[in-house]
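Dear colleague,

I am passing on the structure that we spoke about, and below it you will find my notes. Please read them with the structure open beside you.

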Amino acid sequence: MRMPSEGIAPAAASSFGRGGETAGDHLAAMRAEVARIECQNFSTGLTERFVSLGEPAIDVALPGRGLALGALHEIAAADTGAGMGFMAALLARLDFEAGTRGASRRMLWAMPLAGLYEAGNLYTPGLVDFGLDPNQFLFARGRRDIDILWAMEEGLRVPGFAAVVAEVRTLNLNQSQRLALAARRSGVAAFILRPAVTAAFEPSAALTRWWVHSTPSARPLRAGSREAAWNLDLVRVRGGASRCWRVVWQAGRFTAHDRARVDQPRIETGNGTDHFGLAPILGDRSLEERSSVDGFGQGLSLAG
Amino acid sequence: MDLAKDSVSPAEPFVIVTALQGGLRVAAADAAAEAAGVVPGMALADARALYPGLRVAAEDSLADQQALAKLAAWCSRYSPWASLDRYGERALGLFLDITGCAHLFGGEEALLADLIRRLAVLGVTARAAAAATPGAAWALARFASTPAAARGTVVASEATITVLADLPVLALRIEPETAASLDRVGLKTIGALAQVPRATLTARYGAKLLDRLDAAFGLVDEPISPLAPAPALRASLIFAEPVAHGDDIERSADRLLAILIQDLAGTGLGARRMTLAFYRTDGEVVSIAIGTSRPTRDLKHLRRLFAERLDKLDLGFGADAAVLAATVVEKLPPEQIRMRAVGESRRRPDAQSLLTIESGILFTASSSRGTGDVDADLAALADRLGNRLGITNVVYPMPVASHLPERAVALHAVLRLASIGGETAPAPWHRGLPRPVCLFLKPEPIVVMAPTPDHPPVLFRWRKRVHRVTWSEGPERVGVEWWRVASPGAGAASFATRDYFRVEDETGRRFWLYRSGLYRASAAPVMVTEDRDADPEVPHRDHRTHLTLLPAVAAAASRFATPESGPAWFLHGLFA
């Protein structure tokens with residue numbers, strides 16, 4: 001990002017000119033200054049907003065004490081159900097926040113054509129269980145990832161969505177930068193939902209990257225309960241440290257318990273087929289070959 | 001119009017032959033061949049006797065039809081009502097309804113002259129006639145003297161009867177046998193035929209002959225049905241020089257849009273579907289069709305929809321005409337329109353201006369922007385998405401009153417309905433037992449081990465992996481929709497009662513399974529349907545001792561429905 005050099009000097013002088021400040025204040029002032037300069041390129045006039053996930057433990061791990069609107073977030077799902085479920089849960093938080101703010105609650109979900117991959121398709125009545133109103137959803141279905149990402153970018157250009165989701169298999173750095181910029185300009189939260197196996201080690205301009213996989217729910221589970229539990233890894237967050245939790249979604253909010261990283265099971269590429277329908281190309285390889293794609297983020301543990 | 005393609009040097013006589021009446025006969029002859037005495041219908045041997053150096057080609061009626069259809073599309077530059085002449089088994093010409101179109105080209109004579117000249121450039125020798133009825137035009141194009149027809153004959157409607165009177169009866173589009181029979185009794189011309197009492201003619205030759213006579217004279221109406229439905233509104237441009245460049249194309253599209261939008265505004269209509277067609281100099285027609293989710297005459301929006309695809313248009317060596325047609329229109333009353341200057345912010349919502357293009361200030365009309373401000377933006381977005389992804393791929397969900405999970409939601413294309421605003425109160429969404437967040441398009445067959453009669457599986461295999469069930473809920477019985485007719489090939493299985501179970505495996509993945517149908521009373525207490533050899537780690541010893549095991553049966557789901565093996569199991573969805 002190009003910084004206007006002539007604008008820095010007086011601003012810096014003003015923040016350092018005052019005496020009697022602690023180092024922490026200095027740091028905060030500098031951060032604010034950097035943020036201000038960075039935002040100069042996007043004259044949106046929007047103040048950055050954050051949505052609480054309803055669980056302080058997660059919120060504090062995120063910059064701004066919540067999930068940033070006007071940013072790109074990447075969710076890598078170890079299995080389709082967990083990915084779609086976590087996505088729906090995040091949307092429910094955004095929906096709730098938009099509702100209290102009186103803003104539009106419409107969502108755009110860009111997805112592959114039904115039946116294009118072996119994975120299942122989003123089932124709208126299931127969204128109701130997360131407290132979402134399916135009538136607020138608009139779906140755009142594309143044949144190729146670039147069509148889906150294009151739909152997302154178009155959606156981000158329109159004021160009037162509470163969130164825009166794109167369900168893709170691959171996302172390169174260039175595309176993620178474009179989308180991050182579009183999200184920032186619009187002030188709308190953008191989510192990339194993708195299979196974990198294709199997300200490994202790729203650089204991305206997303207503000208946060210999450211990894212979600214299923215975990216057994218707490219017992220006893222009530223009959224008809226809408227509760228869902230996931231192992232959630234905040235793999236990457238700009239300006240923060242990565243964290244791991246076991247989260248439970250219940251009654252419209254998350255509750256989290258810290259989880260040691262060693263608990264993280266290896267991504268099961270054993271059959272591969274149910275990870276968003278990824279073709280089982282990884283299925284019959286040797287362990288050595290597999291480890292190169294399995295190692296998502298840190299804490300790779302190979303189960304023999 | 002009678003059309004014959006002169007792709008070869010016109011000096012050499014050339015005929016097209018077809019197998020007819022037990023031999024090769026001349027189907028069509030060019031001018032040189034006709035000068036040598038060769039006429040259609042003549043046996044090829046006779047024609048060769050007249051002119052030994054005759055060049056011959058076999059008839060390809062399919063290609064003829066396709067070429068004619070192409071030519072009909074090309075002719076829509078003159079009038080939207082262009083159709084093939086369906087007389088006889090082969091299409092031999094084109095009909096154009098030029099009512100109300102001729103003045104755009106400087107009159108009927110000028111239109112015909114332009115048509116013949118442009119066809120000649122394309123290498124088509126045409127005979128054309130304009131008359132008050134299709135029958136008269138047909139007769140004149142074929143039976144008028146050759147120089148007149150090649151120039152384009154125009155007959156005023158009051159002169160129709162006198163002009164037709166001198167033409168042979170064959171000009172009435174009747175069977176050659178009928179014509180020959182009339183000829184034998186001395187009725188050689190249409191005029192002579194018209195003198196005969198009608199009752200006599202009907203008794204001798206049937207009603208068809210009189211129908212043709214009346215149609216030619218305009219006593220009965222003979223409609224021309226166009227190849228494509230005629231658009232509600234259209235605007236056309238004819239270029240002095242062929243255009244092929246991006247800027248010119250864009251400018252012409254803009255001009256057409258401006259004209260059409262004015263027409264739409266004048267009639268209180270908004271466009272839902274539009275087609276922009278360019279007529280290439282080589283006779284091809286290339287077009288772009290766009291759709292919108294609500295009636296619009298917003299210039300900026302429509303331009304954007306077209307602009308995305310204009311650059312992909314292949315104009316070859318250039319196009320000499322462009323037609324923009326609003327093929328589907330809906331009411332968009334003028335009182336809902338507010339003018340807003342393009343490039344200005346919405347701070348000036350009520351600028352009272354007319355839609356003016358020439359003055360350099362461009363105004364756009366957009367639908368009422370009160371509460372619908374966001375909706376209008378979304379509708380515009382849906383249009384853009386739909387025009388790239390496909391109209392059926394921008395959808396919104398609507399609940400359907402059905403217990404079958406795959407039928408409980410219907411996806412409606414945004415561009416198919418009036419708007420995405422959802423004016424009608426939708427049916428309530430399912431609020432009963434939990435539903436999965438992810439559903440498979442086709443339920444996937446699984447191999448299960450489950451106690452009878454109504455118990456959830458203990459173990460199941462899906463996509464080559466064994467899942468051990470640690471928690472389950474159910475069954476939720478979903479009955480048969482017996483009132484619906486089974487889709488062909490679906491078989492009895494689609495009509496079986498389903499028992500749905502929500503299960504969780506040891507890794508915490510939550511599935512939605514169902515058993516299709518019920519166990520029969522005679523079934524064994526436990527059904528084990530799995531392929532034991534391929535899967536040695538399945539712990540058979542875990543089963544409680546009072547259960548007996550059935551021998552392994554094939555994993556193929558198709559065999560599950562057999563009475564011996566019990567009902568089939570499927571995995572239908574994934575929970576969060």
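**What was found**

In chain A, 46% of the 304 residues are buried, where a residue is called buried if 20 or more other C-beta atoms lie within 10 Å of its own, exposed if 12 or fewer do, and partly exposed in between, the C-beta atoms being placed from the backbone. Please keep in mind that this is a predicted model, in which local features need pLDDT of at least 70 and side-chain atom pairs count only at pLDDT 80 or more, while totals for chains, interfaces and linings use all residues. Residues are numbered from 1 along each chain as its sequence is written, and chains are lettered from A and ligands numbered from 1 in the order in which they are written.

Chain A holds nine helices and twelve strands; helices (H or I, at least four residues) and strands (E, at least two) are DSSP runs, numbered from the N terminus. Of the contacts in chain A with a separation of 6 or more, 70% are between residues 24 or more positions apart, a contact being two residues whose C-beta atoms, placed from the backbone, lie within 7 Å.

**Where the two chains touch**

The contact between the chains takes 50 residues from chain A and 47 residues from chain B. On the chain B side, α14 (373-389), β16 (394-399), β17 (409-413), β18 (438-451), β20 and β24 (568-574) each supply at least two residues, and α14(B) gives the most, with eight residues. By class, that side of chain B has 28 nonpolar, seven polar and twelve charged residues, with Ala, Val, Leu, Ile, Met, Phe, Trp, Tyr, Cys and Pro counted as nonpolar, Asp, Glu, Lys and Arg as charged, and the others, Gly among them, as polar.

Helix α12(B) has 22 residues and reaches 31 Å from its first C-alpha to its last, close to the 32 Å expected at 1.5 Å a residue; the expected span is 1.5 Å times one less than the number of residues. Its buried residues include B:Leu256, B:Leu260 and B:Leu264, and what covers the buried residues of α12(B) includes β10 (233-243), β11 (269-280), α13 and β13 (319-331) of chain B. B:Gly268, which follows α12(B), has a positive phi near 70°.

The axes of α12 (residues 246-267) and α13 (residues 299-310) of chain B come within 10 Å and cross at roughly 145°, where axes are lines fitted to C-alpha atoms, for helices over the stretch in contact, and angles run from 0 to 180 degrees between N-to-C directions. Among the residues that meet there are B:Ile249, B:Ala253 and B:Leu257 in α12(B), and B:Leu302, B:Phe306 and B:Leu310 in α13(B). By class, this contact of α12(B) with α13(B) has ten nonpolar, no polar and three charged residues.

Helix α4(B), residues 108-121, has 14 residues and reaches 20 Å from its first C-alpha to its last, close to the 20 Å expected at 1.5 Å a residue. The buried residues of α4(B) are B:Leu111, B:Leu112, B:Leu115, B:Ile116 and B:Arg118, and these lie on the same side of α4(B) because they cover an arc of only 165° around the axis, the arc being that of the directions from the helix axis to the C-beta atoms. On the other side of α4(B), B:Arg117 and B:Val121 are exposed. What covers the buried residues of α4(B) includes β7 (124-127), β8 (129-130) and β9 (153-154) of chain B, and α4(B) is followed by B:Gly123, whose phi is positive, near 85°.

**Backbone details worth a look**

Most residues other than glycine have a negative phi, and most peptide bonds are trans. B:Arg173, in the loop between α7 (160-165) and α8 (176-184) of chain B, has a positive phi near 60°, and B:Arg173 counts as partly exposed because 18 other C-beta atoms lie within 10 Å. B:Arg463, in the loop between β19 (459-462) and β20 of chain B, has a positive phi of about 50° although it is not a glycine. The peptide bond from B:Gly474 to B:Pro475 is cis, with omega near 0°, and B:Pro475 is found in strand β20 of chain B.

With best regards
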